[in-house]
Amino acid sequence: MEVVRDIVDVRPLPDYKVWVRFETGEKGVFDCTPYLADSFWSPLREIEFFNTVRVEDGSLMWGEDIDLCQDDVWEMFSQMESTEPINA
């Protein structure tokens, strides 16, 4: 059985990136730009809206309708060669 790693903290960064911290302590920068080409994610192109990111139920959430589940973030996050740590 695969372990679900909830996101417990998020901070918006420039260039459509977010700093995330998982409940396991891993943390780093997640680049959201690959999602912006899809029309579902198009509201995130507005930087003011993008910066409203929050954690809800362990996932990233914008507004009431746009979420990025922790599994997807972890999968992309774990494939990165290195993360860009930010002081928590």
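Does Gln70 count as buried or exposed, and at what relative accessibility? Gln70 counts as buried, because its relative accessibility is 11% and the cut-off for buried is under 20%. Keep in mind that you're looking at a predicted model.

**Gln70 and its surroundings**

- You'll find Gln70 in helix 2, which covers residues 70–79.
- Leaving out residues up to four places away in sequence, Gln70 touches Val4, Arg5, Asp6, Ile7, Phe22, Asp57, Gly58 and Ser59.

- Three strands make up an open sheet, lined up in the order 4-5-6, and their pairing is antiparallel.
- Strand 4 (54–56) and strand 6 (66–68) are at the edges with a single partner strand each, so one side of each has no neighbour in the sheet.
- Going from one strand to the next, the twist averages 40 degrees.
- Strand 5 (residues 59–62) is joined to strand 6 by three bridges, and the two run antiparallel.
- If you want a spot to look at, Met61 stands opposite Asp67 in strand 6.

- The hairpin has four residues between the strands, and Gly25 takes a positive phi near 100 degrees.

**Salt bridges**

- Side chains of opposite charge can pair when their charged atoms come close.
- How many salt bridges does the structure hold? There are four.
- One of them links Asp9 and Arg21, with the closest N and O atoms 3.9 Å apart.
- Asp9 sits in strand 1 (residues 7–13) and Arg21 in strand 2, so this pair ties together parts that are twelve residues apart in sequence.
- Arg21 counts as partly exposed, at 30% relative accessibility.
- Asp9 and Arg21 also belong to a network of salt bridges that includes Arg11.
- Arg54 forms a salt bridge with Glu56, where the closest N and O atoms are 3.1 Å apart.
- Both partners are partly exposed: Arg54 has a relative accessible area of 27%, and Glu56 has 34% relative accessibility.
- Arg54 also forms a salt bridge with Glu64, the closest N and O atoms being 4.0 Å apart.
- Since Arg54 lies in strand 4 and Glu64 in the loop between strand 5 and strand 6, that pair ties together parts ten residues apart in sequence.
- Glu64 counts as exposed, at 67% relative accessibility.

Conventions: Residues numbered from 1 in each chain as written. Predicted model: local features only at pLDDT ≥ 70, side-chain atom pairs only at ≥ 80, totals over all residues. Heavy atoms only, no water. Pairing = 2+ DSSP bridges. Axes fitted to C-alpha atoms, helices over the stretch in contact; angles between N-to-C directions. Buried < 20%, exposed > 50% of the residue type's maximum accessible area, 1.4 Å probe, protein only. Contact = heavy atoms within 4.5 Å. Salt bridge = Lys/Arg side-chain N within 4 Å of Asp/Glu carboxyl O.
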